[in-house]
Amino acid sequence: MKLFKVEAKCGHVGKGKCIYIWFPVKAESAAEAAAKAREYKRVKHHHKDAIREVCEISYIEYLELQLSNSQDGYLQCKNIQQQRLLKDFEQRIEADLFLLSKQNRSTHKRDVIFILKKSKIQARDTSLQIKEAASMI
């Protein structure tokens, strides 16, 4: 069993924002360490770029990283109110480039067709409601 430190993108800091944390992981390979870290709490599991870096480390570095994470206020918070009380926390927050790239992508043709069909159905339903209301008067 080898020891690794994995830098992972964590969330729960606001929309379009993230924070990077180094996690100590025991695994057979770097790929396995990355997969384990991706499943940790607060890590953005579904992002392609959730894992930034994986490095093999010594046992002493592993213990130091465990100790620093156990003292990290962000990893100990249970809610947003506790998170807001952390000193100098705002400086650790970065823009989440994954979310920004998803917002700037072009709309697919299929999406446009779906939106047009949906608006046509809504328009038809609205006109039927207007006719029913007019016939009741």
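Let's start with K44, which is buried: its relative accessible area is 17%, and the cut-off for buried is under 20%. Keep in mind as you look around that this is a predicted model. Where along the chain do you find K44? It's in the loop between α1 (30–38) and β3 (51–56).

What surrounds K44? Leaving out residues up to four places away in sequence, K44 touches K9, C10, G11, K17, C18, R38, A50 and D96. Two of these neighbours deserve a second look. The side chain of K44 makes a polar contact with the side chain of D96, at 2.9 Å. The K44 side chain also reaches K17, this time at the backbone oxygen, with a distance of 3.1 Å.

K17 stands opposite A95 in β4. Strand β2 (residues 17–27) and β4 run antiparallel, and 2 bridges join them.

Time to step back and take in the whole protein chain. How many helices and strands does it have? There are 6 helices and 4 strands. If you walk along the sequence, they come in the pattern β-β-α-β-α-α-α-β-α-α.

What about the overall shape? The radius of gyration of the protein chain is 24 Å, whereas a compact globule of 137 residues would have one near 14 Å. Taken along the principal axes, the C-alpha atoms fill a box of roughly 80 × 35 × 25 Å. K44 is buried, and across the 137 residues of the protein chain, 28% count as buried. The accessible surface comes to about 10200 Å², and carbon and sulfur atoms account for 56% of that.

One last thing to check is how far along the sequence the contacts reach. Take the contacts between residues at least 6 apart in sequence: 63% of them join residues at least 24 apart.

Note on methods
Residues numbered from 1 in each chain as written. Predicted model: local features only at pLDDT ≥ 70, side-chain atom pairs only at ≥ 80, totals over all residues. Heavy atoms only, no water. Buried < 20%, exposed > 50% of the residue type's maximum accessible area, 1.4 Å probe, protein only. Polar contact = N/O pair within 3.5 Å; in protein donor to acceptor, adjacent residues only side chain to side chain. Contact = heavy atoms within 4.5 Å. Pairing = 2+ DSSP bridges. Rg over C-alpha atoms; globule rule 2.2 N^0.38 Å. Areas by Shrake-Rupley, 256 points an atom, 1.4 Å probe, with all protein chains shown as cover.
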